[in-house]
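Student: Hi! Could you walk me through this one while I have it open?
Tutor: Happy to, let's bring it up.
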Amino acid sequence: MTGLGVVTSLGHNVPEFWANLLLGKSNVDRVSFFDVKDYSCQIGAEVRNWDPSQYMDPKEVRRNDRYTHFGFAAAKQAMADAKIDIVTEEDADRVGVIIGSGIGGMWTIENHHKALIERGPRKASPLMIPTLIGNICGGLVAIEFGARGPNFGVVSACSTSAHAIGESLRIIRSGEADVMICGGAEAPITPLSYAGFCSMKAMSTANENPQKASRPFDLNRDGFIMGEGAGIIVIESLEHALARGVRIYCEIAGYAATCDAFHITQPDPDVKGLSLAIRRSLGDAGLCPEQIGYINAHGTATPYNDKFETLAIKRIFGDYAKKVMVSSTKSMTGHLLGAAGGVEAVISVKALETGEIPPTINLETPDPECDLDYVPNVKRSAKINAVLTDNLGFGGHNASLVFKQLWSLELGEDSAGVRGGSITRRLA
């Protein structure tokens, strides 16, 4: 892991976002994009004061959906953080992109459908289709950097960007690429999206106190709060990163993907699929549960998710489940759907880098069925060597990722840069 980029309601870049997260801040407020008076949920975590032209030509801004603006900006941040300005012709075939979106261009769909109804089919834009599809952000990022390696979109609802990162890990392991730009982007705060989720009764109706509405693991939780934005990371093979002499945040050590095969929206009460994903990701990383210092949970604040996710952690971690720190940062960011895993990967890496564990805010009334250490309300400092993060999506999709501070690098340099060194394992 060599590059990080985010755009969220808490910050338009990693430093701002991370600072606000550790403060336990929430920018959830009444939705401003459309009239919500007839909606049961009237609040959301909007990205405000946002100017995509800082990252994208104004003409391209007009030609692309809001979700693409977010993903493109976060990808440019991550590439700058990784100190890759442009992919050279020599390297172009070895750099790939997997950026997913759970829904894609919802604003494009809604605006063009309105135009169709009001003005007829001849007014449909020739750019409508490429603008709304969920893979187009990855295509634009590849064009921007000249990356000709593996490139496709992932769609698995709220597991999307975790799967995008995991599949990128597999591509690098297979030798198909040296560098992957990966994660997810989402802009789902639209009238139609809200109507659908409100009809499902999946979203909180605590409209009178927006910043307190997202309450993961709390007894009085009543649903999730919609968020928007993007989380993109740059990962490289160890050899490639060492040859460039760049900072390495950590290792992406483990990944697993499973399905509940139970119900399209409700998690399996027996948590077989999620438990299997967590177990396999730990096995892929070569770690036992006791080596995980922090779990960034999916933690949507829905009644079923929080209870069943807690059960899965208990099933895999056993007695240690009560000792490992767990938090849901969706209490502050809202739920970014397909972008959630990308943003939470950035959070996991920053927790490893800084030793600061972000809290679960609004956890005021303990739920007897959610009885782990959720780092309630205030950040915590702790030395950790490995982090696990998991995501669950409609359709029964599960993804689990493990990040670890595994390598201690003692590097020798010559005049051309990094050329040698020893690698020492910090974990058994």
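Tutor: A definition to begin with: buried means under 20% relative accessible area, exposed over 50%, and partly exposed in between (1.4 Å probe, protein chains only). Helices (H or I, at least four residues) and strands (E, at least two) are DSSP runs, numbered from the N terminus. The model is predicted, so local features need pLDDT of at least 70, side-chain atom pairs count only at pLDDT 80 or more, and totals for chains, interfaces and linings use all residues. Residues are numbered from 1 along each chain as its sequence is written, and side-chain values use heavy atoms, with hydrogens and water left out.
Student: Thanks! Why is strand β13 largely enclosed by the rest of the structure?
Tutor: Because seven of the eight residues of β13 (residues 397-404) are buried.
Student: Which strands are joined to β13 by eight bridges?
Tutor: Strand β7 (residues 251-259) is joined to β13 by eight bridges and runs antiparallel to it. Strand β12 (residues 386-393) also runs antiparallel to β13, with eight bridges between them. Two strands count as paired if DSSP finds at least two bridges between them.
Student: Which residues stand opposite each other there?
Tutor: Tyrosine 255 faces leucine 401 of β13, and leucine 388 has valine 402 in β13 as its bridge partner.
Student: What do β12 and β13 form?
Tutor: A hairpin, with three residues between the two strands. Glycine 395 in that turn has a positive phi of about 100°.
Student: Switching topic: what is the strand order in the open sheet of four?
Tutor: The order is β1-β6-β5-β4, and the pairing is mixed. The edge strands, each pairing on one side only, are β1 (3-7) and β4 (95-100). From one strand to the next, the twist averages 10°.
Student: And how do β5 and β6 run?
Tutor: They run antiparallel, with eight bridges joining β5 (residues 179-186) to β6 (residues 229-236). Glycine 183 stands opposite isoleucine 232 in β6.
Student: Which strands does helix α7 touch?
Tutor: Helix α7 (residues 160-174) packs on the sheet and touches β4, β5 and β6. Contact here means heavy atoms within 4.5 Å. The direction of α7 makes about 170° with that of β5. Axes are lines fitted to C-alpha atoms, for helices over the stretch in contact, and angles run from 0 to 180 degrees between N-to-C directions.
Student: Nice. Where is threonine 8, and is it buried or exposed?
Tutor: Threonine 8 lies in the loop between β1 and α1 (14-22). Its relative accessibility is 1%, so threonine 8 counts as buried. Not counting residues up to four places away in sequence, threonine 8 touches Phe17, Val47, Glu228, Leu336 and Val343. A polar atom of its side chain lies 3.0 Å from the backbone nitrogen of leucine 10.
Student: How about serine 32, where does that sit?
Tutor: Serine 32 is in the loop between β2 (29-30) and β3 (43-44). With a relative accessible area of 49%, serine 32 is partly exposed. Leaving out residues up to four places away in sequence, serine 32 touches Glu46 and Arg48. Its side chain makes a polar contact with the side chain of glutamate 46 (2.7 Å). A polar contact is a pair of N or O atoms within 3.5 Å; within protein, one must be able to donate a hydrogen and the other to accept it, and residues adjacent in sequence count only if both atoms are side-chain atoms.
Student: Great, that helps!
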